[in-house]
Amino acid sequence: MALQIVPTEATLGAVVRGVRLAELDDADFAAIERAWHDHAVLAFPDQHLSEAEQASFSRRLGPLERSLTANNVGADPEIIVLSNMREDGTLWQADSAHGLFLQGNNYWHTDSSYKRVPSKGSALAARVVPATGGETAFADMRAALDALDPGMRDYLEGKSAVHSYAYSQGKVGGTETLSADEWDALPPVEHPILRRHPATGRDALYIGRHASHIVGEDEGDSRALLERLCAEACRAPRVFVHRWRVGDLVLWDNRCVLHRGLGHPPDQGRYMTRTTLAGDGASNEWSLQAG
Ligand code: OGA
Ligand code: MN
């Protein structure tokens, strides 16, 4: 079967079939990379990649990012495990430190925006899925910016937001899963609120849960503004929800997409593996680029 790319009804997202990501030729890879830039989120049903295959497909899009150790249940720094399952199959309590750490993902965010050089994209693969819930939602920040009234766009032009993991995770809890050294490596950082995509030239809003407030503005007022922008941005027709089946892989562009988990009953297991693409830039202390 030939490569098939079917856009969703939302402003972002496409479902890709007729391809095995583990055996991708250069022509299909190029078509997928183009489709990724066009649609910002690509869902690949039924891939059943091993962790090594997930990592090697992801590396074709760029160097991978080193994650926080709390995410790294496994030994391989390229593979981030997002799971409420312990090795013996028992489940973490939702209100345990690990459970709270995971719950942070259920608020709209873009991965690693609290890092000096944030991630360019992420790929998430489903290995164990709950019988109900556990979907992931994606929101199009290109379309959100297009829908903004021109006065607000002008107002945001040239402004930056402070992104802080201590702020965002502090609201949810589970911060003790990071060591003191890791917290030291994560001071608040600033990123422009309007961001131009280097491959497509399209501007997008760059906000989400790690964005604490606007640089140079009243903290409370600008936080409220960022929250309003986020709530407005993450609405139809700009949202695509992926309902996972075991073996699916979804690739998204962190430069122009917010995402969040929708949550699932805490007595059901869910085991996902993520590979994270390091942000572009000559010196990125978070890149795992093999030396
Ligand atoms: C992630 C994430 C949400 C989910 O993998 O970066 O936020 O549904 N996941 O697991
Ligand atoms: Mn995430």
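Trainee: What spacing do the donors of the manganese ion (ligand 2) follow along the chain?
Mentor: In this predicted model, residues are numbered from 1 along each chain as written, and chains are lettered from A and ligands numbered from 1 in written order. Local features need pLDDT of at least 70 and side-chain atom pairs 80 or more, while totals for chains, interfaces and linings use all residues; side-chain values use heavy atoms, without hydrogens or water. Along the chain, the donors of the manganese ion (N, O or S within 2.8 Å; 3.2 Å for Na, K and Ca) are spaced H-x1-D-x147-H.

Trainee: Which protein donors does the manganese ion (ligand 2) have?
Mentor: Their distances from the ion run from 2.1 to 2.2 Å.

Trainee: How many residues apart are histidine 109 and histidine 259?
Mentor: Histidine 109 sits in the loop between H3 and strand S5 (121-128), and histidine 259 in strand S14. Helices (H or I, at least four residues) and strands (E, at least two) are DSSP runs numbered from the N terminus. The pair links distant parts of the chain, with a separation of 150 residues.

Trainee: Are histidine 109 and histidine 259 buried or exposed?
Mentor: Relative accessible area decides this, with under 20% for buried and over 50% for exposed (1.4 Å probe, protein chains only). Both histidine 109 and histidine 259 are buried.
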